[in-house]
Amino acid sequence: MAVSLNNIIELKDISVTFKNDGNVVKAVKNVNLKIERGDIYGIIGYSGAGKSTLVRVINLLQAPTSGTVSVAEQRLQELKPQELRQARKRVGMIFQHFNLMKSRTVLGNVEYPLLSKKISKKERREKATNLLNLVGLAKYADEYPSRLSGGQKQRVAIARALANDPDVLISDEATSALDPKTTISILQLLKKLNVELGLTIVLITHEMQVIKSICHNVAVMEDGEIIERGRVAKVFTAPQQKLTNDFIETSTNVQAAIKRITAEIDLQLAANQRLVYLNFVGNTAKEGIISGLAQKYQIDINILFANIDQIDGENVGYMISIFSGQPELINGAIKSLISADVKVRILEVGGSKGDEAANGVDYSERN
Ligand SMILES: Nc1ncnc2c1ncn2[C@@H]1O[C@H](COP(=O)(O)OP(=O)(O)OP(=O)(O)O)[C@@H](O)[C@H]1O
Ligand SMILES: [Mg+2]
């Protein structure tokens with residue numbers, strides 16, 4: 001198999017099956033994954049989806065049950081132990097629980113991976129100091145990890161992961177233990193390393209917000225498989241899978257709004273009213289469409305929730321509103337929205353006496 005020069009990582013037909021006391025767990029099932037040099041590639045999925053197992057295959061910390069692994073044009077499974085040790089240095093890793101050594105100073109932690117290198121103490125110190133500068137922690141060099149905040153600890157872990165000048169940095173839930181503000185600062189640091197060092201980053205998370213903020217590409221994992229993948233803007237604006245849609249709606253607060261509104265509105269919706277969820281993509285003035293619609297179809301549109309997200313320069317809008325008017329006119333308005341590429345979903349309301357057939361129906365085409 002020819003290995004593409006553009007792909008720093010190529011996983012082919014990777015499966016990982018664990019067998020414990022007669023229990024068989026297929027953690028990864030026949031996954032193919034190519035990651036381009038210089039990319040920031042997100043892998044998102046719920047707990048147990050197989051994300052960590054899959055990325056541990058990238059440096060053969062986890063041997064696959066079947067399939068082949070190539071990193072930087074090398075087939076890792078064909079390497080001799082000494083060659084594999086070298087190849088592994090091309091891939092740094094950071095984790096949710098920083099895994100710093102308590103008995104070593106910040107500088108000592110960053111120096112640690114360099115101890116096996118044939119360089120002078122002075123060179124080692126210089127290299128570690130430069131790395132601490134890069135992550136903004138130079139003045140903490142002589143502190144011990146216990147004195148640092150979570151975000152600072154993660155910066156030390158990042159500096160340590162960079163000690164061997166890796167081509168790839170794998171971040172396995174590295175921001176999951178951090179508050180939102182610290183999460184943003186760590187993501188910004190990763191972005192900076194990507195741009196300044198050309199570092200390829202593979203970023204595992206269960207938060208779409210994390211993917212949205214720095215990733216270019218994303219793969220969605222469920223039950224050991226990649227169920228959807230592509231450019232973040234594309235996946236965000238036209239999700240094909242229900243799970244992907246769940247992640248998006250959670251990250252945009254749409255799901256919480258739908259829950260709150262459908263609960264609040266219970267029993268209050270009149271027979272001539274529909275609770276409608278709209279999702280639109282693009283920079284056209286959709287508000288104009290909505291108000292034009294109200295006039296043309298003589299219906300009232302009462303907006304209860306609206307949120308606009310910016311992804312790759314495109315506006316993605318989410319809106320929940322009550323349409324009031326004659327059912328045929330509401331249906332006409334909905335059809336007209338769909339033909340303007342707006343995704344429309346009639347939300348079910350507990351106490352609604354509305355037309356059963358119309359409730360919970362997804363009129364939109366997902367493509
Ligand atoms: N060493 C192991 N032995 C047996 N089963 C394992 C082992 N490692 C992982 N598994 C199982 O494989 C599946 C995938 O686990 P994995 O840790 O890859 O998921 P994950 O997506 O990283 O989850 P999380 O978000 O919780 O970290 C789970 O069912 C897990 O219990
Ligand atoms: Mg994991």
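These notebook entries record what I looked up in a predicted model of one protein chain with a ligand.

**Entry 1. Conventions**

I noted that residues are numbered from 1 along each chain as its sequence is written, that chains are lettered from A and ligands numbered from 1 in the order in which they are written, and that side-chain values use heavy atoms, with hydrogens and water left out. In this predicted model, local features need pLDDT of at least 70 and side-chain atom pairs count only at pLDDT 80 or more, while totals for chains, interfaces and linings use all residues.

**Entry 2. The chain as a whole**

I began with the secondary structure, and found 12 helices and 14 strands in the protein chain. Helices (H or I, at least four residues) and strands (E, at least two) are DSSP runs, numbered from the N terminus. The C-alpha trace spans about 80 × 45 × 40 Å along its principal axes.

I then looked up the surface. The accessible area of the chain is about 18,100 Å², and carbon and sulfur atoms hold 48% of it; such areas come from the Shrake-Rupley method with a 1.4 Å probe, and for residues only the protein chains shown count as cover. Of the 367 residues in the chain, 51% are buried. Buried means under 20% relative accessible area, exposed over 50%, and partly exposed in between (1.4 Å probe, protein chains only).

For contacts (heavy atoms within 4.5 Å), I found that 67% of those with a separation of 6 or more join residues 24 or more positions apart.

**Entry 3. Domains**

The domain assignment gives domain 1 (7-231) and domain 2 (252-366); such bounds come from an automatic or database domain assignment. The centres of domain 1 and domain 2, taken over C-alpha atoms, are 42 Å apart.

**Entry 4. Ligand 1**

Which residues are around ligand 1? I listed Phe18, Asn20, Val25, Ala27, Tyr46, Ser47, Gly48, Ala49, Gly50, Lys51, Ser52 and Thr53. A residue is near a molecule or strand if one of its heavy atoms lies within 4 Å of it. By class, this shell has 5 nonpolar, 6 polar and 1 charged residues. Ala, Val, Leu, Ile, Met, Phe, Trp, Tyr, Cys and Pro count as nonpolar, Asp, Glu, Lys and Arg as charged, and the others, Gly among them, as polar.

Strand S1 (7-20), strand S2 (23-36) and helix H1 (51-58) each supply at least two residues of the shell. H1 gives the most, with 3 residues.

I next looked up atom pairs. An oxygen atom of ligand 1 lies 2.5 Å from a polar side-chain atom of Ser47, and an oxygen atom of the ligand is 2.5 Å from an N or O atom in the side chain of Thr53. A polar backbone atom of Ala49 is 3.1 Å from an oxygen atom of ligand 1. On its own, ligand 1 has 630 Å² of accessible area, and the protein covers 61% of that.

**Entry 5. Helix H1**

I asked why H1 counts as largely enclosed by the rest of the structure. H1 is so described because 6 of its 8 residues are buried. These are Lys51, Thr53, Leu54, Val55, Val57 and Ile58. Leu60 follows H1 and has a positive phi, near 60 degrees.

**Entry 6. Positive phi in loops**

Most residues other than glycine have a negative phi. I therefore noted Glu73, which is partly exposed at 35% relative accessibility. Its phi is positive, near 65 degrees, and Glu73 sits in the loop between strand S4 (66-71) and strand S5 (74-75).

Asn99, not a glycine, has a positive phi of about 55 degrees. The loop between strand S6 (91-95) and helix H3 (106-111) holds Asn99, which is partly exposed at 47%.

**Entry 7. Lys212**

Is Lys212 buried or exposed? Lys212 is buried, with a relative accessible area of 18%, and its place is in helix H7 (residues 208-214). Its side chain makes a polar contact of 2.9 Å with that of Asp309. Such a contact is a pair of N or O atoms within 3.5 Å; within protein, one must be able to donate a hydrogen and the other to accept it, and residues adjacent in sequence count only if both atoms are side-chain atoms. Not counting residues up to four places away in sequence, Lys212 touches Val232, Phe236, Asp309, Gln310 and Ile311.

**Entry 8. Ile320**

Ile320 lies in strand S13 (residues 314-324) and is buried at 0% relative accessibility. Among its contacts beyond four places in sequence are Val254, Leu275, Phe305 and Leu347.
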